[in-house]
Amino acid sequence: MKKFLTTMVMACAAAVLSLSVSMTASAATVDMTDPYKMVSTVAEQTFAKIKANKDKMTDVNFRKELIRNDLLPYVDTRYAGYKVMGTNLKSTTAEDRDAFCDAFAEYIVASYADALAMYNDQDLVLPKYQSVDPSATQVNVKFLIREQGKPDIELIFKLRKNSKTGEWRAFDMIAEGISMLTAKENELSPLIRERGIKAVTDLINQHNQSGSSEPIK
């Protein structure tokens, strides 16, 4: 269940690819200048698609395409990737950073696709709309995951605003107090310090190609 909840972010997310044909028209109405409208619309659309395709959720390729097409456009995978690199960022080139962020985005896809296989007819409770101060650069939006006969589970999306475009994207998700981004930092940052960004990028790419959804050792 925790793995399923972690999937429904960057958050998302991160992050995070154009929508599939069946979602293109509705995706065009997503207001990315309003964090509450953006994340609520994307979450609602994605949940609806999951429910409508329950018979396909056993297909890992279908799940990966759903993540790539319906979630990643609204996830700031670059910002999340930079957070994972941490202080190691200073010793990287622009080419290093691009390669790492591309590999990291696909790594998120694989992790989320595996978690989506655990979906079992849960319902998503949308947050009450709140206006956000125009000067705000980050905001947390709380959802609830509801399953009959069980306590509601709190799901928090952390979003940030791009200072150049004014668009909001998710960069982290916290499910049952567990931060997806922190988990990835704890997993990958020590490897980057030990082996360097290029070696870890290669490691992530190899892991992605293997089709494994287990954490990188």
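Helices (H or I, at least four residues) and strands (E, at least two) are taken here as DSSP runs, numbered from the N terminus. On that basis, the protein has 8 helices and 5 strands, and reading along the sequence gives the pattern α-α-α-α-α-α-β-β-β-β-β-α-α. The model is a predicted one, so local features need pLDDT of at least 70 and side-chain atom pairs count only at pLDDT 80 or more, while totals for chains, interfaces and linings use all residues. Residues are numbered from 1 along each chain as its sequence is written, and side-chain values use heavy atoms, with hydrogens and water left out.

Start with the overall picture. Of the 217 residues, 49% count as buried, where buried means under 20% relative accessible area, exposed means over 50%, and partly exposed is in between (1.4 Å probe, protein chains only). The protein exposes about 10700 Å², and carbon and sulfur atoms supply 49% of that area; accessible areas come from the Shrake-Rupley method with a 1.4 Å probe, and for residues only the protein chains shown count as cover.

Now for the inside. In soluble globular proteins, nonpolar side chains tend to be buried together. Setting aside residues up to four places away in sequence, L188 touches V84, F100, F104, Y107, I204 and I216, a contact being heavy atoms within 4.5 Å.

T201 also meets F100. This threonine is found in helix α8, residues 197-210, and is buried, with a relative accessible area of 5%. Beyond its neighbours within four places in sequence, T201 is in contact with A99, F100 and A103. The T201 side chain also reaches the backbone oxygen of I197 at 2.8 Å. That is a polar contact: a pair of N or O atoms within 3.5 Å, where within protein one must be able to donate a hydrogen and the other to accept it, and residues adjacent in sequence count only if both atoms are side-chain atoms.

What about the rings? Rings of Phe, Tyr and Trp (its six-membered ring) pair if their centres lie within 6.5 Å; planes under 30 degrees apart count as stacked, over 60 as edge-to-face and the rest as tilted. By this rule there are 4 aromatic pairs. One of them is F100 with F104: the ring centres are 6.0 Å apart and the planes are at 10°, so the pair is stacked. Both residues lie in helix α6, 4 residues apart, about one turn of the helix, and both are buried. F143 and F157 form an edge-to-face pair, 5.2 Å centre to centre with 75° between the planes. Because F143 lies in strand β2 (residues 138-146) and F157 in strand β3 (residues 153-161), this pair ties together parts that are 14 residues apart in sequence. F143 counts as buried at 0% relative accessibility, and F157 is buried too, at 4%.

The charged end of K184 sits over the ring of Y107, 4.3 Å from its centre, and R160 lies over the face of Y79, at 4.0 Å from the ring centre. The rule asks for NZ of Lys or CZ of Arg within 6 Å of the ring centre and within 35 degrees of the ring normal.
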